[in-house]
Amino acid sequence: MSIDIHPAVASCLRGFEVPERLGFGSVMAPVMFRARCQDGCWSTGELVPYGPLALDPAAKVLHYAQSCFEGMKAYRTRDGGVSLFRPERNAARMAHSAERLCMPPVPETLFMDGVRTVTAYCANLVPASSGESLYLRPFLLGTQPDLSVSASASYEFYVIASPSEVYHAGNMRLWMEREDSRAAVGGTGDSKVGGNYAASLLSIARLKERGYDQSLWLNPGNRRTVDELSGMNFFAVIDGELHTPALNGSILEGVTRDSLITLARELGYTVHERDIDIDELLARVRDGSCSEAFACGTAAIVSPISVLGDDSGESPLSSAPGSVAACLRETLLDIQEGRAEDRFGWMRPVEVVDINDQ
């Protein structure tokens with residue numbers, strides 16, 4: 001699929017300066033990828049200067065939340081190149097999210113064109129420090145301007161990028177959310193849609209006042225077993241073995257989660273994907289048989305958990321960060337950043353574009 005490059009792209013990139021402090025998702029690359037879909041037919045993709053979107057006030061995305069997105073990264077490798085991490089998994093997950101919201105899936109070739117093109121032109125913006133990356137945010141939204149409760153006939157697909165630090169550095173304090181639910185059984189919990197994140201904001205606001213960092217959500221069907229954090233999957237180390245909630249329709253199938261399970265098994269750890277009762281987990285933490293817990297996701301990579309808390313009090317983990325979390329994080333980063341063999345075929349090198357030749 002051919003891609004149109006806007007004449008101003010090269011000058012936008014040449015005039016862009018990366019600040020010393022990146023933060024996460026706050027510094028935006030000066031270009032973005034765009035493609036449009038009308039009645040199921042996709043346009044040619046184009047790379048254009050980053051800027052505001054023009055949406056009709058009646059666009060369906062603004063009223064009925066027809067929108068989904070992905071989070072993924074491009075890494076600077078040891079040889080100075082740039083590679084994407086498992087982008088095909090993100091393309092497939094975005095297709096699943098789109099279908100759940102009655103949106104046309106972005107063709108995999110178009111999705112890959114978008115993330116590769118943005119990465120190729122923004123290669124000089126990929127940070128070189130370990131753990132930092134070019135964070136990529138593909139998203140799809142319904143743009144048809146009418147107020148009928150029906151699927152849009154027109155859509156726009158974008159890829160934006162942000163040179164970023166790790167989303168959450170250091171240990172996390174989790175609040176066990178026993179009052180609210182993030183997603184309903186049979187709803188959109190296993191899709192990456194904005195409504196799931198909007199539903200988590202009230203809980204996050206409340207826990208921040210209590211001195212915690214993230215919510216630990218329980219399954220909305222039984223309000224007893226652990227699901228995930230608002231934007232990360234959950235793991236616990238119990239009696240030296242790795243335990244993580246089984247995918248159940250209300251948990252997002254994380255690319256990092258899947259990768260860590262693969263790595264853990266290769267390293268000799270026993271991995272259990274199962275229902276984890278919250279009271280069992282707390283008892284294990286208190287008697288010391290649960291020695292560590294951590295969260296994982298594209299943005300955070302691996303984040304150790306130091307405390308689980310709720311109205312009954314706090315349950316501190318004995319190790320934070322623990323040795324298992326540290327080992328898995330370094331093993332994964334070694335592959336992503338080119339210090340270890342890509343033995344699973346996860347990395348996709350990107351051919352860099354020299355903007356000085358444009």
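Modeller: Let's start with a cluster in this predicted model: ring pairs link Phe-24, Tyr-135 and Tyr-167.

Colleague: How many aromatic pairs are there by this rule?

Modeller: The count comes to 10 aromatic pairs. One of them joins Phe-33 and Phe-157.

Colleague: What makes the pair of Phe-33 and Phe-157 edge-to-face?

Modeller: Their ring centres are 6.2 Å apart, within the 6.5 Å limit for a pair. The planes meet at 70°, and over 60 degrees counts as edge-to-face, so that is the name the pair gets.

Colleague: Why do you say that this pair ties together parts 124 residues apart in sequence?

Modeller: Because Phe-33 belongs to strand β2 (residues 31–38) while Phe-157 belongs to strand β9 (residues 154–164).

Colleague: And are Phe-33 and Phe-157 buried or exposed?

Modeller: Phe-33 has a relative accessible area of 0%, and Phe-157 also has 0%. Buried means under 20%, so Phe-33 is buried and Phe-157 is buried.

Colleague: Why is the pair of Phe-69 and Tyr-197 called tilted?

Modeller: The angle between the planes is 55°. Stacked needs under 30 degrees and edge-to-face over 60, so this angle falls in the remaining class. The centres are 5.3 Å apart. Phe-69 sits in strand β5 (residues 67–69) and Tyr-197 in helix α5 (residues 194–198), so this pair ties together parts 128 residues apart in sequence.

Colleague: How do you class the exposure of Phe-69 and Tyr-197?

Modeller: Phe-69, at 12%, counts as buried. Tyr-197, at 23%, is partly exposed, because that class runs between 20% and 50%.

Colleague: What makes you say that the charged end of Arg-173 sits over the ring of Tyr-212?

Modeller: The distance to the ring centre is 4.6 Å, and the limit is 6 Å, together with a position within 35 degrees of the ring normal. Arg-210 likewise lies over the face of Trp-175, at 4.2 Å from the ring centre.

Colleague: How do you know that the length of helix α9 agrees with what it should span?

Modeller: Its 14 residues (323–336) should span 20 Å at 1.5 Å a residue, and the end C-alpha atoms are 20 Å apart, so the two agree. Its buried residues include Leu-328, Leu-332 and Gln-336.

Colleague: Which residues line the largest cavity?

Modeller: Among them are Met-72, Phe-85, Thr-298 and Gln-336. The volume is about 60 Å³, and β6 gives the largest share of the lining, three residues.

Notes:
Residues numbered from 1 in each chain as written. Predicted model: local features only at pLDDT ≥ 70, side-chain atom pairs only at ≥ 80, totals over all residues. Heavy atoms only, no water. Phe/Tyr/Trp six-rings, centres within 6.5 Å; stacked < 30°, edge-to-face > 60°. Helix = DSSP H or I, 4+ residues; strand = E, 2+ residues; numbered from the N terminus. Buried < 20%, exposed > 50% of the residue type's maximum accessible area, 1.4 Å probe, protein only. Expected span 1.5 Å × (residues − 1). 1 Å grid on protein atoms, 1.4 Å probe; cavity = no way out; pocket = protein on both sides within 12 Å on 5 of 7 lines; lining within 4 Å. Points joined across faces, edges and corners; volume = space filled by probe spheres on them.
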